[in-house]
Amino acid sequence: MHSSTPTSRKTSRLAQVLIAAQLLLAGSVAAAAPSPAPAAPSSHGALVANKHVDAGDLNVGYAELGPAKGEVIILLHGWPYDINAYAEVAPRLAAQGYRVIVPHLRGYGSTTFRSADAPRNGEPAALASDVIALMDALKIKQANLAGFDWGARSADIVAALWPERVKSLVSVSGYLIGSQEAGKKPLPPAAELQWWYQFYFATDRGRDGYAQNTHDFAKLIWKLASPKWQFDDATFNRSAAALDNPDQVAIAIHNYRWRLGLAEGEPKYAALEQRLAQLPSISVPTITIEGDANGAPHPLPGAYRAKFTGKYEHRTFTGGIGHNPPQEAPVEFTQAVIDAAHL
């Protein structure tokens, strides 16, 4: 049991090399650790985004669980995952009386653009604005937000720029707000290696490779980001189906190119990005989470502690938890969301 404490054919060789490099970065202790037990089978079914609402630029597909008048929790997934990262968490929260909303991000699953001419924009301000547009469309004045990866970044941004809309925040890997200017600064070589896919996506070859091998690419990222998580093919395939969205490649490529300053954002988000470039603090009650085996690039908790100025806790999930805590440690993640709502 995990514990929580406060505080078509060219893929194979590339995958072997990258996994070996990632394990080397993880250190000899991790390499020498005994093989983890396979993940426990899911006790809940798949989440189905069978509801839709026009919200801003999007027609958002989302799953909704729990009583219609319950306190709202919005759960935000990352790349390259989908709403089923919360397949265990959402029903548990609904059983506690919360109204739980789990949307597909732009470029995923049943979420589509309302206009064929809309820019397929993956910049952070656009993704965060999607959350506000969804809340407005559903007439939700205030919600508890929780997310990981891209979802954590969006939740952080909403909490920083629209704090009156956020009752509480749960953010995996803490403070993830950045800017194009910050993205220009080089990192130590070992850290740059972890961002290999960002540099790959900066090329036409990378864009075409991702388009041709989207599922294989995503599975590799899952393995690198959570090296001790033994998910089965059925678990992966359930989420990978959301990557078949026709806008997935464009959104993912634009997101990572934008970070490096290789792609422009939309003018309507420029003022928001300027505010985010100042790295605003977050004042809403927050619990940050880190997995003890997170293989994806992430900041250390001490580096962002000062950015959270309200009620705050940090929790490290132990037992080989990687980049996707809601799916790898759903009981502990559920409890963190409930506890944050009561901070």
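Ring pairs join W79, Y108, W150, W195, W196, Y197, Y200, F201, Y210, F217 and Y256 into a cluster. The model is a predicted one, in which local features need pLDDT of at least 70 and side-chain atom pairs count only at pLDDT 80 or more, while totals for chains, interfaces and linings use all residues. Residues are numbered from 1 along each chain as its sequence is written, and side-chain values use heavy atoms, with hydrogens and water left out.

In the structure there are 30 aromatic pairs, a pair being two rings of Phe, Tyr or Trp (its six-membered ring) whose centres lie within 6.5 Å, called stacked with planes under 30 degrees apart, edge-to-face over 60 and tilted for the rest. Two of these pairs are set out below.

| Pair | Geometry | Centre to centre | Between the planes |
|---|---|---|---|
| Y81 and F148 | edge-to-face | 5.1 Å | 70° |
| W196 and Y200 | tilted | 6.5 Å | 45° |

Because Y81 lies in the loop between β4 (72–76) and α3 (89–95), and F148 in the loop between β7 (143–147) and α5 (150–161), their pair ties together parts that are 67 residues apart in sequence; helices (H or I, at least four residues) and strands (E, at least two) are DSSP runs numbered from the N terminus. Y81 counts as buried at 1% relative accessibility, and F148 counts as buried at 0%, where buried means under 20% relative accessible area, exposed over 50% and partly exposed in between (1.4 Å probe, protein chains only).

W196 and Y200 are four residues apart in helix α8 (residues 196–201), so about one helical turn separates them. W196, at 15% relative accessibility, counts as buried, whereas Y200, at 25%, counts as partly exposed.
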